[in-house]
Amino acid sequence: MADINNDFDSRKLNLKRPASRDISEMEVDSTTGIEGKKINLAPVSKKIKRHGVEMRKVPVPSHRYTPLKENWMKIFSPVVEHLKLQIRFNLKTRNVEIRSCPDSEDVSNVQKAADFVRAFIYGFEVEDALALLRLDNLFVETFEIKDVKTLRGDHLSRAIGRLAGKGGRTKFTIENITKTRIVLADSKIHILGSYQNIQIAMRAVCNLILGSPPSKVYGQLRNVANRMSERI
């Protein structure tokens with residue numbers, strides 16, 4: 001019995017953590033107070049690797065095949081000639097593929113070109129979408145009517161009718177006052193413009209969806225436009 005107890009005591013002693021390390025040898029971070037070894041990381045290089053290839057894919061729905069085919073040269077030319085990128089339409093995957101090449105000057109142009117193509121796929125005219133390549137402070141905002149208010153059936157149709165107006169008059173008025181471009185694609189709404197102008201146009205569109213009469217929305221837009229012109 002004594003031998004068993006002695007064996008158990010020896011095992012307990014072996015399980016104890018060795019205390020041979022001196023406190024003075026510990027390295028403690030002065031800012032966090034955490035003990036550990038100091039690790040020196042190499043500085044991050046800002047240079048872009050020449051052999052790296054950036055690529056973007058933009059899916060094309062079936063109803064945009066024909067417009068894409070008709071306007072392909074208008075899309076192809078600025079992307080290849082001005083941005084120095086490669087672009088093609090993959091017939092198998094139905095995607096517009098954009099990638100950088102050794103002649104590309106800036107990798108960020110790949111994202112610009114993808115935004116340009118995506119804007120055209122949404123339904124914007126090529127001339128309007130080209131502004132995304134020329135200006136840096138333009139964006140495309142996309143949302144659905146159900147994000148503002150849940151509407152179904154005739155209520156949804158009437159909301160879309162309020163947004164468009166007779167002969168598209170309401171949509172054109174909002175575009176001209178806010179200096180934006182709006183595309184109504186069924187229940188989806190796409191707005192192209194600067195950040196501030198998109199917010200003003202979205203407020204007018206949301207008021208129309210919620211049931212405000214166009215005349216009231218026009219008055220609000222004019223007041224906002226006047227305040228903006230006074231600031232400028």
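**View 1. The largest nonpolar core of this predicted model.** This core has 29 residues, and I87, V96, I98, F116 and V117 touch the most other members. A nonpolar core here is a set of buried Ala, Val, Leu, Ile, Met, Phe, Trp, Tyr and Cys residues joined through side-chain atoms within 4.5 Å; buried means under 20% relative accessible area (1.4 Å probe, protein chains only). At least two residues each come from α3 (72-82), β3 (95-99), α4 (108-122), α5 (126-129) and α6 (131-134), with α4 giving the largest share, 8 residues. Helices (H or I, at least four residues) and strands (E, at least two) are DSSP runs, numbered from the N terminus.

**View 2. The lining of the largest cavity.** L163, K171, I174, I182, L184, I189 and V205 line this space, and α9 (169-178) and β5 (181-185) are the elements that give two or more residues to the lining. A cavity is a set of points on a 1 Å grid over the protein atoms alone where a 1.4 Å probe fits but cannot get out; lining residues have an atom within 4 Å of a point.

**Notes.** Residues are numbered from 1 along each chain as its sequence is written, and side-chain values use heavy atoms, leaving out hydrogens and water. Local features need pLDDT of at least 70 and side-chain atom pairs count only at pLDDT 80 or more, while totals for chains, interfaces and linings use all residues.

Terms used
On a 1 Å grid over the protein atoms alone, a cavity is a set of points where a 1.4 Å probe fits but cannot get out, and a pocket is an open set with protein on both sides within 12 Å along at least five of seven lines; lining residues have an atom within 4 Å of a point. Buried means under 20% relative accessible area, exposed over 50%, partly exposed in between (1.4 Å probe, protein chains only).
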